[in-house]
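We will go stop by stop, with something to pick at each one.

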Amino acid sequence: MKKTNFEFIKRLRSTLSLSNGKNRFDITFALAVILVTLYGTLMVFSAGTAYAETRYGDAAYFIKKQTLWLIIGFTVMYITSHIDPSVYKKYTPHFYGATLVLLVLVLIIGFAGNGAQRWIAIGPLTIQPSEIAKLSMIMMLSLYFTRYEEKALDYGSKRNIFLFGTLYPCIIMLIPIILVMLQKHLSCIIILGSIGLMLIFLSGANPRYISAFCVLGIIAVTCLALFTDYTKERITVWQNPEAYKLTGGWQTLQGLMAIGSGGLFGVGYGESILKHCYVSEPANDMIFAILCEELGLFGAVIAMLLFAFLVWRGAVIALRVPDVYTRLLTLGICVKMALQVLLNVAVVTNTVPNTGISLPFFSYGGSSLVMLFFEMGIILSVSRYSRISK
C-alpha cells in the first residue's frame with residue numbers, strides 16, 4: 001500500500017487550481033521575481049561602485065555588465081516559460097549526462113580561482129558547472145521518482161523501499177557530489193546533498209532510511225572539513241576571525257562591521273563606507289553585508305521577506321501540479337533557492353565557516369544569474385501548462 005510523508009498534499013491540491021488560461025503564467029510569481037531582481041540590481045549598483053572604480057577605472061562597470069546579464073536572463077526566462085514541461089522531462093537524462101561531462105572537464109581544462117578549479121572558459125564566457133549540477137540533479141531525481149514511484153513507495157516491500165526509495169536516488173545524487181568534491185567546493189556539496197535528501201523525503205520515501213543517509217552525509221562532510229587543509233583553514237578562521245584579521249579573517253570581520261554599523265535603518269543607500277575596498281567582494285558574495293550597512297535591519301528584513309514570498313509562491317505552484325515530475329522539479333528549485341539564501345546569510349554573519357556562495361538575484365554574476373532565470377522560467381512554465389483534474 002502506497003503512502004506519502006505528506007498526506008495533506010492531496011487535499012491541498014484538490015482545493016487549489018490554476019485559474020490562469022493555458023497561455024498565461026502565474027503573474028504573482030513573475031512579479032515577485034521582478035521585485036527581488038530590481039532590489040538586487042539596485043544593491044549591485046551601490047555596492048560595486050567603489051570596487052569597480054578602483055579595479056576597472058569605471059564606477060559603473062558592474063552595473064553595466066549586470067544589466068546585460070539581466071537582459072539575457074529575462075530573455076531566457078521568457079523563452080523557457082513558453083516551453084512545455086514535458087520537453088524538460090524528455091531531455092532530462094541528456095542534461096544530467098552533459099552536466100557530468102562538464103564536471104569532469106572542469107577538472108581537466110578548467111581554470112582556478114581563489115584556490116579552487118571550478119570554471120570553464122568558453123570564449124569570453126565563463127561557466128561554473130557546479131551551478132548547473134544543482135538543477136540537473138533536481139531534474140534527474142524528479143524523473144527517477146516519476147518512473148519508479150510505485151516501487152519507491154511500495155511500503156509492503158522493505159527491499160523496494162530501501163533500493164528504489166533511497167539507495168538508487170542517493171546514487172544519482174552522489175555522482176555529481178563526488179565530482180564537485182574534487183573541485184574543493186564544500187558549500188556546493190552541502191547544497192547538493194541537502195536538496196537531494198529533501199527531494200527524496202518529499203517523494204514519500206521512508207524517513208528512517210533517509211535519516212540514516214543524512215547521518216552518513218553529515219559524517220562525510222565533517223570528515224571532509226576536518227581532514228582537508230582547504231576546509232580546516234576556514235574552520236580555524238571561523239572559530240576566531242580576530243586572530244587572523246589581516247589574512248583569512250579580514251573579510252568576515254569587515255562584513256560583521258558593515259552589518260553592525262547599519263543599525264535599524266542603515267547609513268543610507270549608496271553611503272556605505274566599508275564597500276570602499278574594506279569588504280571583499282562587496283558586489284558578490286558579501287553584498288548582504290553592504291545591504292545591511294546601507295539599509296539596516298529594515299532593508300535586510302525586506303529582502304528576506306521577498307525571498308520567503310518567492311519560495312512560498314513557488315511551493316504553491318508545485319502543490320497545484322498533477323504529476324510527480326513537475327511537482328518535485330518545482331519544489332527542488334524552491335529548496336535550492338532557499339538554501340542558497342540561508343547559507344549566504346549564514347556565511348556573511350559568520351554563523352558558518354566562510355565559503356563561496358552567492359546571494360540569488362543580488363550577487364553580481366553572469367552564468368549563475370542566467371541559470372537562475374532559467375529555473376524561474378521553468379517554474380513559470382509549470383504554472384502555465386499544468387492542470388488539476390477535479
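Here are the stops, with a word on the model before them.

This is a predicted model, in which local features need pLDDT of at least 70 and side-chain atom pairs count only at pLDDT 80 or more, while totals for chains, interfaces and linings use all residues. Residues are numbered from 1 along each chain as its sequence is written, and side-chain values use heavy atoms, with hydrogens and water left out.

**Stop one: helix α6**

Please select residues 129-152, which form helix α6. Helices here are DSSP runs of H or I with at least four residues, numbered from the N terminus. The 24 residues of α6 would reach 34 Å in a straight helix at 1.5 Å a residue, yet the end C-alpha atoms are only 30 Å apart; the expected span is 1.5 Å times one less than the number of residues. Now centre on Thr-146, where α6 bends by about 55°. That bend is the angle between axes fitted to the seven residues ending at a residue and the seven starting there. Because 18 of its 24 residues are buried, α6 is largely enclosed by the rest of the structure (buried means under 20% relative accessible area, exposed over 50%, partly exposed in between, with a 1.4 Å probe and protein chains only).

**Stop three: helix α12**

Move on to residues 287-320, helix α12. A straight helix of 34 residues would span 50 Å, but α12 spans only 35 Å between its end C-alpha atoms. Beyond its neighbours within four places in sequence, Phe-307 touches Val-36, Val-341, Leu-359, Pro-360, Phe-361 and Phe-362.

How many disulfides does a search of the whole structure find? The search finds 0, a disulfide being a pair of cysteine sulfur atoms within 2.5 Å. Select Cys-170, whose sulfur is 8.4 Å from the closest cysteine sulfur, in Cys-214, too far for a bond. Cys-170 is buried, at 1% relative accessible area, whereas Cys-214 is partly exposed, at 28%.

Note on methods
Helix = DSSP H or I, 4+ residues; strand = E, 2+ residues; numbered from the N terminus. Contact = heavy atoms within 4.5 Å.
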